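Open the model in your viewer and keep the sequence panel beside it. Each stop below gives a selection and what to look for there.

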Amino acid sequence: MQLRKLASSFVVLTGLLAGSVAAFAAEPENTMIITLKGGDVTVALRPDLAPKHVAQIKELVREGAYDNVAFHRVIDGFMAQTGDVEFGDMKDGYNAARAGTGGSKLPDLPAEFSKENFKRGVVGMARSQDPNSANSQFFIMFDTASSLDGQYTIVGDVEKGMDLVDGIKKGDAADNGAVSDPDRMIKVRIAADAK
């Protein structure tokens, strides 16, 4: 009898935990929608892991800074990098030679590393050698890369549309994934905001 009570308590607890994860993921204020040429990619942002980074991403989204920004570095089997709002805007100021070297007008952020793992669908912040240099650029993982664990800030997880991420134009492996005539984020918005 005690074992049955314990087992049913575990089932209830598991259900509650699963429900709380789903509720977090579905919260419109922390859901970023990236429109690609093939449709929308839905990202559950993780302010529980990286509140400063998520706040900066949402500020840039709401400014429209990510609209038309190129996926300037895409390495097959690894990740797709975007978010250079300074040199990556393909409608206003795109510079292929400098894309990936810029940020935004906002300040760089202190690292918010976590114990979460870099696996397929994870969204992480790009940075230079300085751990406290993330600004606007981020990347979406195609696959697991445990070498990044604890070294880069995780800001979200793709909830829907990984098939579209898989279709992003890949870069030249011999040139560290640099992409000529790259795909772009057509529009980026926060689900809580009006279309």
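**Start at the tail**

Select alanine 191: leaving out residues up to four places away in sequence, alanine 191 touches Pro28, Thr31 and Ile33. This is a predicted model. Alanine 191 sits in the segment after S10. The C-alpha atoms of alanine 191 and valine 43 are 9.9 Å apart, although 148 residues separate them along the chain.

**The sheet**

Next, show the strands. An open sheet is built from 8 strands, with antiparallel pairing, in the order S4-S5-S7-S6-S8-S2-S1-S10. Its edges are strand S4 (73-75) and strand S10 (187-190), each pairing on one side only. On average, neighbouring strands of this sheet are turned by 25° against each other, direction ignored.

Zoom in on S1 and S2. Strand S1 (residues 31-36) runs antiparallel to strand S2 (residues 39-45), and 6 bridges join them. Isoleucine 34 is placed opposite valine 41 in S2.

Select strand S7, residues 138-141. In a regular strand, side chains alternate between the two faces of the sheet. Here Phe138 and Ile140 point one way, while Phe139 and Met141 point the other way. All of these residues are buried.

Look to each partner in turn. Strand S5 (residues 79-82) runs antiparallel to S7 and is joined to S7 by 4 bridges. Across that pairing, methionine 79 faces methionine 141 in S7. Between S6 and S7, also antiparallel, there are 3 bridges. There, methionine 125 stands opposite phenylalanine 138 in S7.

Glutamine 81 counts as buried because its relative accessible area is 8%, and buried means under 20%. Beyond its neighbours within four places in sequence, glutamine 81 contacts Ala70, Phe71, His72, Arg73, Ala126, Gln137, Phe138 and Phe139.

Now display the largest pocket, which holds about 280 Å³ of space. Which of its 19 lining residues are closest to the centre? Select Gln81, Ala126, Arg127, Ser128 and Gln137. The lining divides into 7 nonpolar, 10 polar and 2 charged residues.

**Two positive phi angles**

Finish in the loops. Select asparagine 68, in the loop between H2 and strand S3 (69-70). Its phi is near 70°, a positive value in a residue other than glycine. Asparagine 68 is buried, since its relative accessible area is 12%.

Then jump to aspartate 181, in the loop between helix H3 (162-166) and strand S9 (184-185). Phi of aspartate 181 is positive too, at about 50°, and this residue is not a glycine either. Is aspartate 181 buried or exposed? Its relative accessibility is 62%, so aspartate 181 counts as exposed; the limit for that class is over 50%.

Terms used. Residues are numbered from 1 along each chain as its sequence is written. This is a predicted model: local features need pLDDT of at least 70, side-chain atom pairs count only at pLDDT 80 or more; totals for chains, interfaces and linings use all residues. Side-chain values use heavy atoms; hydrogens and water are left out. Two strands pair if DSSP finds at least two bridges between them. Axes are lines fitted to C-alpha atoms, for helices over the stretch in contact, and angles run from 0 to 180 degrees between N-to-C directions. On a 1 Å grid over the protein atoms alone, a cavity is a set of points where a 1.4 Å probe fits but cannot get out, and a pocket is an open set with protein on both sides within 12 Å along at least five of seven lines; lining residues have an atom within 4 Å of a point. Grid points are joined across faces, edges and corners, and a volume is the space filled by probe spheres set on the points. Ala, Val, Leu, Ile, Met, Phe, Trp, Tyr, Cys and Pro count as nonpolar, Asp, Glu, Lys and Arg as charged, and the others, Gly among them, as polar. Buried means under 20% relative accessible area, exposed over 50%, partly exposed in between (1.4 Å probe, protein chains only). Contact means heavy atoms within 4.5 Å.
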